[in-house]
Every structure is written in C-alpha cells, then in structure tokens.
Amino acid sequence: MALLRHVSKILRSIPRSQVACLSTVPAPNRKPDIKYNKLFINNEFVDAASGKTFPTVNPATGEVITRVSEADKADVDRAVNAAEAAFKFGSPWRRMDASGRGRLLNRLADLLERDRQQLASLETLDNGKPYNISFAVDLELTIKCYRYYAGWADKVQGKTIPVEGDFFVYTRHEPVGVCGQIIPWNFPLLMQAWKLGPAIACGNVVVMKPAEQTPLSALHVANLIREAGFPPGVINVLPGYGPTAGAAIAKHEKVDKVAFTGSTEVGKLIPQYAAQSNLKRVTLELGGKSPNIVLADADLDYAVEMSHFGLFFNQGQCCCAGSRLFVEEKIYNKFVEKSVERAKKRTVGDPFDARNEQGPQVDEDQMNKILALIDSGKRDGAKLATGGRRVGSRGYFIEPTVFADVKDDMRIANEEIFGPVMQIIKFKDMDEIIERANKTVYGLAASIFTRDLDKAMHLTQAIRAGTVWINAYDNFDASAPFGGFKQSGNGRELGEYGLQNYTEVKCVHIKVPQKNS
C-alpha cells in the first residue's frame, strides 16, 4: 500500500488527461521477449542487405539487450520502392475508402491496448524511463494519438470555390506520397504515433527510421501494423544510424516529404539534403531551451512542484523542458530552497522499481555530455545547490541537480542539456523578463506561473514560443498542435494543424454550360 501511495504521488504532478488509472498498471516484465530485431519492409521482417547489425543497450545496466539489423542506403532504396509500389495509382491503398484508413488506425490502437504491458516493458528496457510512466503516460498518449487521427481520416476534405465565369471549381486534399520520418529516442512510441497518425490518416505511405538507441518498441509496433491489416509497403521501419540510413532517407529522390524530430544541429542538415536532392517538403521539431517564468504572486509550493516536473520529467530528456527557470527576485531564495529540498527527495534507480521517479539517461554518450555541462556550470560560477554527480558505476544514472545564481551568459543557461539539471535564474520585473526570456535561438515552449491573468496574457503575447503553458507544464493532447519558433523547427505536429504537413492541395476547374447561384 505504501508503494502504491508513492507511485501515485509521482504521477499526480502529471496532467490527469495524460495518465491512465494507476490501478490498471500491471506488473512489468523485466525480461520481455525480443521477437522483432530486423528491418520491416513490405510487411516482412528482413535482414539488412549488408548483413550488418548493431547493439541496442539497456541504459540501466550498460549491457547489450540484443543486436538489431542495421539499415543503410541499399535498404532505404528497398523500402522506398515498396512504399512507391503501395502508393501506385489504383493500388489497394489508394483505392481504400478514407474511413477504411480510420478503421486500420483504430485497429492498430486496439492492438497497442492488447500489448500494452509488453510495449511498456520494452520501452523501459531499451530507453530507461520508469515503467509506470511508460505504461500510464507514454502508452496512454500513444493510443490516444492513433485514435484521434483515426477520427480525422474521413474528414480531410477540400472546398468548392465560387469563381467568376461558367466554371465549377473545387479543391482536393491529396496525400503527399512517400514520406520519410526520422524519430528520436526520448519518446519512441509516442513520436512514432505523432508521425504515423497524420501521415496515414491522409493516405500517405511511410519509410520510418527509429533512433538507433531505442529501436525495439518501434519494431514491435511494425508487427502490429502487419497484424492490423495494413497493405504491404504502406509503412516500413528501418532501424539504423543517422549518417547512413537517416541521411539516405533525407536525400532520396523518390521521397516526397521528410519529417525529422531531434537536435537542432542535425535538423539544420535535413533541409540541405532536401535541396540537394528533389526539394522534398520538410517539417522539423527540434531542440529547445524553454523559459519557465515564476512570478512572485504564484502559489509557491505548486510552482515548485510543477517546475520540478517540467524539468526532471523523463530524466530531463524533453525538448520542451523548462530548463531556463526564471524566478522573480522577491521569492527567489525561498523558491531555490524548496526546489533543492524537492530534488533531494527525488528517487533514482532501477526503472522497473515503482519506487523510483527517475531512471538512467539513454546512453553513455548522453550521460557524459550532461556531466560535462554540469562541470561547465561549476567553472562558470553557478552555485551547485545539490546533485551534480553520476549515481553508481553501473548504468547511466545522474543525480537530480540544481544550480542557483545562474547568469544568462553561462553555457548551462544557453545550451540544451537534455538531462536532470535545473538552472534557477533571478529576475526583477516584467519588462526585464520579456527580453531575457526571448534571448535564445530556440522557441519551442514556455510556461508562466502567476495568479494574475493580465500578467499571464501579457507574457503569453510577448514570448516567442510555439506552446505556452499557464500554471501548468507538459500538458499534451493529440488535438493541440505542437512545434517551435526560430531554431526549434518549422511546421506543427498534432491536432488539425498536423494534417497540413501531409497533403497537397489540387485545384480543379471544370467548364460548365451555365453556372447559376
């Protein structure tokens, strides 16, 4: 009973709409069967053309889970050819009713429900996030995303336009065609759904590359795609590395559109590859250094807890993490004190143990990058209030870390850390915070904690970010768009806006004998 209360406390800070009922969370499978570790092309699991494989590692132990087929350009060619055949004019996929695409997406969601415990266990094993979060948050949002876009499949429609003269004019919203999709490792199942949902609802075909760190859950979903009844070639999943498989997708002459989620550094390469090849359409969801602004009139305890959640959730591995935490001078010292106290209570360890709030970072490279940035914060003169070290010698765990007295020009205040490192920065007034909050190359998200709605709305209009949360953090819903300003990307995912990336508008003019109103 004490364990249940502890897990309930962990999940209470997460928006209710995103969390499944705790009582429905079954025990994890610490050693889930690894049934799928090959490329998924044309509804078949196949070896890479080269025969190469790569290891995928359990970040909680550093041990190899299994080896996975490694795609490269030759395999991308195979997958694109399969997708192109599936998209051929008159094919079963092109002839399928829009409502049929919706039924397939709902059937896939049903299968995700059936295999939810297996998928959550795979996600935790391969990624390191706590199992209860995998099951109650990631799978919940993933299933809802597929169901949301299943509902959109037969509602993507054009217009009739009353032009001058004897003409009947209408528009068709047609699928773009072969879509390359490259997804990150921080939310493998959810990012797969964010990409597949709108693409399939609009009738496209897909060649997807999951992150090399976390391919296992995406490959399990590939099997569910086959089981759900998707025609061969409609969805292809190619595990592999970015410079080989990812670049081959972005450069491919027969790929009509590429969607990438990942770092801004790599994101800058994708449009270059598109321009060097066939000027394919590009959408990007990239990095962030999001301002979280706490005004003096905010509910202090609530703001501390939500700011803790907004930074430390998912081991700090969120592109929209509130990693520039601005606190008004009047409450700064008290806020720092309470934040340090909360961070010290954060439990770190085995992600399959429900008592732990925080698992390992995704891999050794990420852990070392975070530790190097922590060292830079100390060198630059920030006050290390708690944490700052690796936990143990096995696996890639880092202590929850809080820096105080952070200045705007420090590396930790400018670079995306992507880890459990909170930087608390002092500000004096509204005019000052607007300028400082916007002084970044990023513009993915922001949050404001205050009891004054006028101040909240004023800041909302002033801050250049794609999402602004007021008295909340990380509230996501499949119906609400997400994406960034500036170097945080272009285009929007989720909601009706997310469909716009996956259709071409065709305007048809028909000469008629006589037009009447």
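**Salt bridges, helix packing and local geometry**

R78 is partly exposed, with a relative accessible area of 33%. The model examined here is predicted. In this model, the side chain of R78 meets the side chain of D75 in a salt bridge. The N to O distance is 2.6 Å. D75 has a relative accessibility of 0%, so D75 counts as buried. The cut-off for buried is under 20% relative accessible area.

Side chains of opposite charge can pair when their charged atoms come close. The whole structure was searched for such pairs, and 31 salt bridges were found. One of the salt bridges lies between K334 and E337. Here the closest N and O atoms are 3.8 Å apart. For a salt bridge, the nitrogen must lie within 4 Å of the carboxyl oxygen. Helix α13 (residues 332-345) holds both K334 and E337. The spacing is 3 residues, about one turn of the helix. K334 has a relative accessible area of 41% and is partly exposed. E337, at 47%, also counts as partly exposed.

R436 and E432 form another salt bridge. Their closest N and O atoms are 2.4 Å apart. Both residues sit in helix α15 (residues 430-437). They are 4 residues apart, so about one helical turn separates them. At 16% relative accessibility, R436 counts as buried. E432 has a relative accessible area of 22% and is therefore partly exposed. The two values fall on either side of a cut-off: buried means under 20%. Salt bridges also link residues into a network. Its members are E113, R116, E140 and K144.

Helix packing was examined next. The axes of helix α5 (residues 116-127) and helix α8 (residues 216-228) come within 8 Å of each other. They cross at roughly 155°. That angle makes α5 roughly antiparallel to α8, because angles over 145 degrees count as roughly antiparallel. On the α5 side, Q118, L119, L122, E123 and D126 make the contact. On the α8 side, the contact residues are L216, S217, H220, V221 and L224.

F168 lies in strand β6, which spans residues 167-175. Its relative accessibility is 40%, so F168 counts as partly exposed. K515 is 347 residues away from F168 in sequence. In space, the C-alpha atoms of F168 and K515 are 7.7 Å apart. N58 belongs to strand β3 (residues 53-58). At 14% relative accessibility, N58 counts as buried. With neighbours within four places again left aside, N58 is in contact with E63, I65 and L125.

Backbone angles gave further detail. Most residues other than glycine have a negative phi. L279 has a phi near 55°, a positive value in a residue other than glycine. L279 lies in a loop. That loop runs between α11 (269-276) and β11 (281-285). The relative accessible area of L279 is 67%, so L279 is exposed. K486 is not a glycine either, yet its phi is positive, at about 50°. K486 is placed in the loop between β20 (467-470) and β21 (489-490). With a relative accessible area of 33%, K486 is partly exposed.

The surface also carries a nonpolar patch. L453, M457 and I470 form it. Together, these residues have about 260 Å² of accessible area. M457 lies in helix α16 (residues 453-462). At 38% relative accessibility, M457 counts as partly exposed. Patch residues need over 30% relative accessible area, so M457, at 38%, passes that cut-off.

Terms used:
Residues are numbered from 1 along each chain as its sequence is written. This is a predicted model: local features need pLDDT of at least 70, side-chain atom pairs count only at pLDDT 80 or more; totals for chains, interfaces and linings use all residues. Side-chain values use heavy atoms; hydrogens and water are left out. Patches are made of residues with over 30% relative accessible area and no salt bridge: like charges are joined within 9 Å, nonpolar side chains (Val, Leu, Ile, Met, Phe, Trp, Tyr) within 5 Å. Accessible areas come from the Shrake-Rupley method with a 1.4 Å probe; for residues, only the protein chains shown count as cover. Helices (H or I, at least four residues) and strands (E, at least two) are DSSP runs, numbered from the N terminus. Buried means under 20% relative accessible area, exposed over 50%, partly exposed in between (1.4 Å probe, protein chains only). Axes are lines fitted to C-alpha atoms, for helices over the stretch in contact, and angles run from 0 to 180 degrees between N-to-C directions. Angles under 35 degrees count as roughly parallel, over 145 as roughly antiparallel, 65 to 115 as roughly perpendicular and the rest as oblique. Contact means heavy atoms within 4.5 Å.
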